Amino acid sequence: MENSTVTTTVTAVVLPGKVEPDGLQVTRRGLAAPAAGQVVLGMEATGVSFAEQQMRRGKYFDQPPFPFVPGYDVVGTVTATGPGVDTALIGRRFAAVTKVGAWASALLVDAADLVAVPDGVTPAAAETVVVNGLTAWQLLHRSAEVRSGATIVVLGANGGVGSTLVQLARHAGITVIGTAAPRHHAALLEQGVRPVDYRDPEMYRRIRELAPDGVDAVFDHVGGAGVVESWRLLRRGGTLVSYGTASTKDVDGNSQLPVLKLFPRLLMWNLLPNGKSARFYNLWAGQRRRDAFRSRLREDLTQVLRLLADGVLTPQIAAEFPLSEASSALALAESRTVAGKVVIVPDARHS
């Protein structure tokens with residue numbers, strides 16, 4: 001099966017341009033044989049990330065030109081290997097972060113980007129923590145280096161990244177104040193989180209009441225004007241980690257502008273003599289040193305998948321849709337009515 005030049009036919013979902021979710025196109029296309037260092041990965045689970053919601057608006061920071069196949073991450077089984085790749089990988093399950101291309105029944109992936117999925121972890125469960133778990137782990141343990149006994153604020157504590165960040169933080173002995181809509185507060189309280197209503201105009205004052213001496217870290221995916229308030233919550237020596245600009249997601253215009261506006265502000269804050277630091281987290285940072293980037297990603301995602309296998313992390317699957325109904329999956333994810341990850345799985349029958 002490996003090293004052949006025969007192309008297989010796959011089902012793939014194409015984002016043709018700036019469209020509503022129902023504008024996605026389900027296509028059949030050829031998949032080239034794997035080149036040196038590549039494998040064919042049969043998709044068992046992929047999902048809807050915030051990235052795809054931005055990409056369909058043409059607002060993701062460095063998305064490829066239209067048309068393209070979206071799909072930020074994937075869990076699947078290797079079905080073929082290219083030259084120079086160990087054929088023992090065939091039949092084994094792996095996760096990979098792809099940025100694009102995963103909304104397909106099979107895809108080409110560099111073998112160096114594969115991260116083994118532990119036995120006993122289902123594809124859909126693993127999918128919930130690939131991009132979200134990796135991001136949450138790196139935010140907590142690499143960007144902010146939060147220690148046990150610290151207090152942190154997680155904006156959007158019920159979201160994909162936020163809910164995983166909460167679980168990782170609680171496991172590490174960290175106190176969490178989390179913002180969310182009131183309907184999520186009971187679930188947050190059960191996890192030992194101190195919830196605050198994100199729609200409360202006095203939200204930042206409420207947080208200050210819960211942590212009058214300031215907090216050790218704030219994780220802010222919202223950006224915009226509120227980032228100043230997030231900065232003010234920090235105690236001396238605390239860290240603000242900004243990892244998105246969700247506040248501008250529905251605003252038309254240059255996708256890079258909100259991020260570029262944020263950088264000088266974060267840089268300026270870092271120069272202030274108060275021991276506080278501000279960082280912008282980007283999962284793809286450090287890619288120029290490819291080997292180091294891959295090694296760090298593999299190490300961190302392996303830790304997260306192990307915590308999932310051990311039951312420390314609870315997979316939160318909002319819904320599962322077959323690949324051919326990706327537009328419905330995207331619409332549901334954007335409706336803000338679900339908790340957890342909207343997962344896309346293969347259609348029951350594809351050749």
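**View 1. Six strands side by side make an open sheet.** Here 6 strands line up in the order E10-E9-E8-E11-E12-E13, with parallel pairing. At the edges sit strand E10 (194-197) and strand E13 (277-280), each pairing on one side only. On average, neighbouring strands of this sheet are turned by 15° against each other, direction ignored. Strands (E, at least two residues) and helices (H or I, at least four) are DSSP runs numbered from the N terminus, and two strands pair if DSSP finds at least two bridges between them. Axes are lines fitted to C-alpha atoms, for helices over the stretch in contact, and angles run from 0 to 180 degrees between N-to-C directions. A word on the source: this is a predicted model, where local features need pLDDT of at least 70 and side-chain atom pairs count only at pLDDT 80 or more, while totals for chains, interfaces and linings use all residues. Residues are numbered from 1 along each chain as its sequence is written, and side-chain values use heavy atoms, with hydrogens and water left out.

**View 2. Val241 sits in strand E12 (residues 234-242).** Val241 counts as buried because its relative accessibility is 0%; buried means under 20% relative accessible area, exposed over 50%, partly exposed in between (1.4 Å probe, protein chains only). Setting aside residues up to four places away in sequence, Val241 touches Leu139, Ser143, Ala144, Val218, Phe219, Asp220, Arg279 and Tyr281, contact being heavy atoms within 4.5 Å. Strand E12 is joined to E13 by 4 bridges, and Leu240 stands opposite Ala278 in E13.

**View 3. Helix H4 (residues 160-171) lies across strands E8 (151-154), E9 (175-180) and E11 (215-220).** The helix runs at about 165° to E9. Of the 12 residues of H4, 9 are buried, so the helix is largely enclosed by the rest of the structure. Among the buried ones are Val161, Leu165 and Leu168. Their cover includes helix H3 (131-143), E8, E9, E11 and H9. After H4 comes Gly173, with a positive phi near 80°.

**View 4. The largest nonpolar core has 87 residues.** A nonpolar core is a set of buried Ala, Val, Leu, Ile, Met, Phe, Trp, Tyr and Cys residues joined through side-chain atoms within 4.5 Å. Those with the most contacts inside this core are Trp103, Leu140, Val146, Ile152, Phe219 and Leu301. Helix H9 (residues 290-309) supplies the largest share, 7 residues. Another core lies apart from it, with 20 residues, among them Val153, Val196, Val215 and Val218.
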